[in-house]
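Visitor: Please take a close look at one chain for me. Then show me how its partner sits against that chain.

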Amino acid sequence: MFYRETGQFKSKYREELAAFPLAEDKVGIAILLVIAYVFIPIFGIPGLSYEFTMGAIMIPVFIFTITTLGLNILLGFAGQISLGTGAFMGVGAYSCYKIMTIFPDLNIIICVILSGLVTAVVGMIFGLPSLKIKGFYLIVATLAAQFFLEWAFIRVAWLYNYNDSGGIEGTNKEMFGLIVSGPQSDALTRYFIVLTLLVLLTWLASNVIRGRIGRSWMMIRDMDIAAELIGVRPLTAKLSAFAFSSFYVGISGALMVFFWLGAAEVESFDVSHSFTYLFMVIIGGLGSITGSYMGAALVWVVPVLIKEIGKTVFGFDAFVMENFSIIFLGVAIVVILIVEPHGLARLWQITKQKLRLWPFPY
Amino acid sequence: MEILYAIFIAPFVEMGAYPDLFIQALWDGFVAGTLYGLIALGFVLIFKASGVFNFSQPILVVLAALSLVSFYQMGVPAWISVILVLIMFYALAWLVERLILRQLVNQDGNILFMSTIGLTFIIIGAAQWIFGGVPSAMIVDELGFPNGSLEWPMFGGGVYFEMIDVSAAVIAVIMIVILAVFFSKTKIGRGLRAVADDHQAALSVGISLNQIWVIVWFVAGIVALVTGIFWGARSDVSFALQIIGFKALPVLIIGGFTSIQGAIIGGLIIGLGEKIFEIYWGPLLGSGVEGWFAYVIALVFLLYRPQGLFGDKLIERV
């Protein structure tokens, strides 16, 4: 009743192949966009302070959704497992920092996108072993990337301009007369920029995945030898997946430092973060764009809320709540894997199917 | 030219000029390698018997060391604490089998692997909550291991052998022999190999999968305890051990996922390789290369032998 295709006739193949073939989907996306662009900036989330909503929930969730999209492209669509996501975010952040130092007058959005491209190149280099090895063995190759890059962020002082703190820090950047990044920028401005980038990147990802490149990734994922036999080149397919995924991850790393944290050190990019991003993908659902949103939101928001509620309502100390949220993540992943190995995205699909048949399921 | 000299000649000149330092480095690498090998052994045991790539082995090592020290600090005598830890690991093995593995029978290997990552997080959170996150010293003397060090003068210098490292090496060897005998001669060992070969065939001849899994997780727990004791003696007992535990992954790559002797030999290759590289080539890059060099060794191996030194040959059919 809420969700049905009856009466929606397609007269062209293009309409059939559209990203949102159903009118309900179009309406749903429009509503979500209105909520994100209008309602949340005006009203915030009920019951939570404005600062908390923006700084601790909305902006990080959007940034991590970009990360999750990137990792999902690699893991969910191309089937190449990676534990180096944290370090690749670092590549994005550090290269954005370097680009901003070398070209101080460049628009920050261009810096962010350029840093995504730098990360894509680095990701391609570290993706080279994937041509020869796969599965669990690839984990080791990506861990090599993770630990090597972490080491580089500490030892190569050029990356952080030889400053004493060893970290990178954002400065105030203006765009159209507004301070968009840095210590004096307004959370709302940053919110809109991150949101807009997220929408654009999602649009790009959904189209690339439906296209020729995306289908070649999925063929490699499902069975690489068979894909090779019918003419998919593993070299281009795998490396393009690494490049595309790293592009997203790099952009999210740059956004994380310059639009959310303000400053960062190597600890923000360590291997435990790589695991968190992996969790976002698994819990959200491998190979699903909607899942990337849900996974990032759940894995980020629930621990934050647990900590906040534990602190303000029950008065537990931070140490206990920190551990509790770690346990929660672990339990969540085990339960999701047992109940529905395809993640929240599959649960959403099932719900949609139910809504389609309601109130007369056969 | 200078850089070529620094890479290809200077380190060897240095090795020849100070052989005592070189032997010391070899010994340190050997001990570290034994411990890497022990962690890898835990992975191999579980992978052999259930096909689960158990990502939580490093955290099991941390848990073993941490709980042992904590029990002792609560006033339990040292050896009783060891027994308590063993009981705890048996309970853990049972719980893991009952709550996680049994629910995931017949699932894809990736899913099982990811569930052990979830288990890792549960253990991290619980262990930090219960035992606290403060690093503490391992109770080596209380367990009766010899302390002090042997000094062996040679080449005008001297090489130091820490007694605890010597005992680590000895116990590692004993344990590998016991495990090898256990796997090849006992009834349970035959059962384990049968399960590894084919789950269904093993079930059909009356081997209980569930029991085998509990046993193998328990054995992996014992290995974790031994590793934890000796690693805790070398550095403090803290969650930082977990990062070191990741080094078992390159070890597995080199040794192969299913070979017990491969785990040890892989461990030695990694331990020696990274120590020698750190000491003689590390200064060229700025120190700290130990953090990633192991993975590079593994990558080089992978490019030539994707199944590891002793691993079974991979055969793929379309």
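Guide: Start with chain B. Its secondary structure comes to 14 helices and 2 strands (DSSP runs numbered from the N terminus: H or I of at least four residues for helices, E of at least two for strands). The radius of gyration of chain B, at 21 Å, is close to the 20 Å that the globule rule gives for 318 residues, so the chain is as compact as a globular protein of that length. That radius is taken over C-alpha atoms, and the rule is 2.2 Å times the number of residues to the power 0.38.

This is a predicted model: local features need pLDDT of at least 70 and side-chain atom pairs 80 or more, while totals for chains, interfaces and linings use all residues. Residues are numbered from 1 along each chain as its sequence is written, and chains are lettered from A, ligands numbered from 1, in the order written.

Confidence next. Chain B averages a pLDDT of 81, and 95% of its residues score at least 70 (pLDDT is the predictor's confidence in each residue, from 0 to 100). Among the elements of chain B, helix α5 (residues 78–101) has the highest mean, 89. Strand β1 (residues 149–154) of chain B has the lowest, 71. The model as a whole scores ipTM 0.81 and pTM 0.87.

Take the contacts in chain B between residues at least 6 apart in sequence: 73% join residues at least 24 apart. A contact puts two C-beta atoms, placed from the backbone, within 7 Å.

Then the partner. Chain A has 14 helices and 4 strands. A compact globule of 362 residues would have a radius of gyration near 21 Å, and the 21 Å of chain A agrees. The C-alpha atoms of chain A fill a box of roughly 70 × 55 × 45 Å along the principal axes. Buried residues make up 44% of chain A.

Finally, the interface. Here 32 residues of chain A are in contact with 35 residues of chain B. On the chain A side, α6 (136–155), α9 (224–229), α11 (271–284) and α13 (318–339) each supply at least two residues. Helix α13 of chain A gives the most, with 12 residues.

How values were computed
A residue is buried if 20 or more other C-beta atoms lie within 10 Å of its own, exposed if 12 or fewer, and partly exposed in between; C-beta atoms are placed from the backbone.
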